[in-house]
Amino acid sequence: MNQKDQLTDHFRIDAPHKKAFARLRIATVEDLLYHLPARYEDITDITSVSGLVKGQDAIVYGQIGGLKSRRAWKSKRPIAEGWIEDGSARIKVMWFNQQYIAKMLTDGAYVKMVGKVTGSEGKLYIANPEVEHLDNLPIDRHDSIFQNTEAVDDTIYPVYRETKGVTSKWFFHTVQKCFAAGILDTVRDPIPHSILKRYNLPELATALQWIHTPKKAEHAESARKRFAFEEVFYIQAQKAMEREAANAATTYQFKTTKKHIKEFTDRFPFKLTNSQNNAIAEILKNFNGKHAMGRLLEGDVGSGKTAVAATTAYAVATSRPPEGSKNNVNKVGPCNDSSTRSDLVEYDAGIPTVTDLDWGNLQVAYMAPTEILAKQHFESFIEYFHHLPIQIGLITGSGCMKFPSKVDPTKPTKISRAQLLKWVKNGEIPILIGTHALMYKSVEFKHLGYVIIDEQHRFGTNQRKALAKKDERMAHLLSMTATPIPRTLALTVYGDLDITLLDEMPSGRKPIITKVIGPGQEKEMYDHVRNELEDGRQAYVICPRIDEPDPDKASALRLKSVKAEAERLKKHVFQDYEIAVLHGKMKPAEKDAVMKRFSDHEIDILVATSVVEVGVNVPNATNIIIEGAERFGLSQLHQLRGRVIRGTHQPYCFAVSESKSEKTKERLKALTTAKNGFELAEHDLQFRGSGELYGAKQSGLTDLGMKAIKNMKLVEAARTEAQKLVAKDTELDKHPLIKAKVAQIGETLHME
Ligand code: ADP
Ligand code: MG
């Protein structure tokens, strides 16, 4: 047996297994060995039902039955009940005020239950147990999966992530068969010995043995660390290679004077923050560097990323491409070379600002994730550029525009797509703003020097690359995000980019007042918001769902839905105000129309799901109520409340949670104390697990890698080592095993 062999060479794999393996991307023996246990169970903790005693914290595996809900006889409290049965006996289980749990279960389901044994002798029951669904019982006292397996110390055993068709047991036994066939004597470790030694990590063969059949918990831990390191290492190696490749491409190198920039920024109705100035300086330095810039600009909503984008776009749009690589003439400002003008469409000579237009200058593409945002950027850019002879184009799925209009130079005008594309191609329009439509093949530039992407996490890595490569030279790339990503995750997901933080809010901004609203405190909140509405402000109400699929009013989840909540508010709370809904199931045109009405203050209260566009700018909306706040990560809540800090009025955020849990309240409290989004993201990473973190999905990390991200030292070590290796061996030809692994990551990401 060899690690590269197909599993089918050695095992009988039936059709359902095959499908499951395709899903899990398991094909070879090696893939199987790298399908690591999700966790370990300690058999000594498990109790058989017949042995349960009052007061015990029990862990029981069994089948559930007899489910029903009713109301308590006297208190009328809703109760759900049933029983759990293992090989030895059955015991009653009861949930108080949580009958929805029973609704999520079905008779006959296999579950793991954790809860306290209460009641009286002879009438014992488990109260409010936590329930975990299982595809089958991992352990059966009468048919232990570990019977006759000497490999395992009889207390710890691995539990594998199951999938339809393949059980944890199957994984366990098959891995053991591979071990028995001597696979560990033949595996080759891709990670150089010296690196493993430096960080005290076990060699591959040892690590595999330890992770699949640990004799001690420490062994399993040590092995996990190695595999986590390995995973992050490959990703870092891939990013390092991408960076090397980008560095190898030629780019536009040009210089801008301080004075020139100042002419532009002096017109802003505000003073730039130090953070903004630093960011601009860093970017301008990159423009004058040998390599194409790859930079991530991370800043909370309202930190002023657009001003940074506009200033740097100005530097590009007023610069000429170098004429030939040697003769690097970087004139700043309009050029006087008129040779390109002869074939161009006639232009309204009556507009003085347009006559200076230089069609040989570098161009900027600015991509936003939605039409609403693209239009908003278009409008901001008009504000910033209207005094200059720089035309701005807008391209979206539903149409194209250009500023200035021939007829009225103070306004933008609609133009045909064909016309816009022509002007972009011949360089007449130096700044093009748009949605995904920017990426279509038909959009060609004359000299695309700079690509700006707003809210990067919504675009895949490949889309980003596609845009940056629209010119034979590699365009400089600025990715902007308001998503607070923990540093370790950013270093991994955006490992090929330099990171700049805008961690300073413009002065004079009123910090948002955030309140956590528990059961019974709603009235106070509604009174406050009503006062605000009376003063002419507007409000958002965010709900976790769109429709009301569960007509059962008794449902304890009580997840508010956009539609029902809008009706309720109209009927009982805000009778005198205009209320509208906005959610992801609406058509783009419908959404736009609602947003426009909200923006024009024809609507006072917008009830929406959390998926509605972040970053939408309605300065008069200064209140946000977030229902079901406990369901969101802190960084997501932070993101949501960011919508109300646009204006000059005092903003308020209400995080509403019906949860009585102290832990939940404690967690939500962090919203009122954290200094910025980054702090909250770190909080999420440490306390919630990283699966729901922004950026987690794009990272291509497995669960194990995700846990590794909590460990800054590990991530930095993997990054340093990978960069060192790639610097010496750019194509990884001297490390074919690593190269193969890195190529695999590439494939996975391309499949997104
Ligand atoms: P975001 O980082 O969320 O994209 P924007 O660029 O939209 O933020 O800026 C939010 C608001 O703050 C805009 O109205 C902008 O004009 C304003 N702004 C930007 N920079 C400053 C500053 N240095 N001082 C005051 N206001 C600023
Ligand atoms: Mg923005």
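Start by selecting Asp733 and Lys739: they form a salt bridge, with 2.8 Å between the closest N and O atoms. The term means a side-chain nitrogen of Lys or Arg within 4 Å of a carboxyl oxygen of Asp or Glu. Colour by accessibility and you will find Asp733 exposed at a relative accessible area of 54%, while Lys739 is partly exposed at 30%. Here buried means under 20% relative accessible area, exposed over 50% and partly exposed in between, with a 1.4 Å probe and protein chains only.

Before moving on, a note on what you have open: this is a predicted model, in which local features need pLDDT of at least 70 and side-chain atom pairs count only at pLDDT 80 or more, while totals for chains, interfaces and linings use all residues. Residues are numbered from 1 along each chain as its sequence is written, and side-chain values use heavy atoms, with hydrogens and water left out.

Next, select Lys68, Arg70, Glu81 and Lys92, which are joined into one network by salt bridges that share partners. The count of salt bridges comes to 26.

Now go to Glu444 and Lys425, another salt bridge, whose closest N and O atoms are 3.8 Å apart. This pair links distant parts of the chain, 19 residues apart: Glu444 sits in the loop between strand S13 (431-434) and strand S14 (448-454), and Lys425 belongs to helix H14 (residues 417-425). Helices (H or I, at least four residues) and strands (E, at least two) are DSSP runs numbered from the N terminus. Both ends are partly exposed, Glu444 at 38% and Lys425 at 46%.

Then pick Lys560 and Glu565, bridged at 3.7 Å between the closest N and O atoms. Is Glu565 buried or exposed? Glu565 is buried, at 3% relative accessibility.

Finish at the second largest pocket, which holds about 1200 Å³ of space. A pocket is an open set of points on a 1 Å grid over the protein atoms alone, where a 1.4 Å probe fits, with protein on both sides within 12 Å along at least five of seven lines; lining residues have an atom within 4 Å of a point. The volume is the space filled by probe spheres set on the points, which are joined across faces, edges and corners.

Select Phe270, Thr306, Tyr384, Arg509 and Arg646 to land nearest the centre of this pocket, which is lined by 45 residues. Then show helix H13, which supplies the largest share of the lining, seven residues.

Notes: Chains are lettered from A and ligands numbered from 1 in the order in which they are written.
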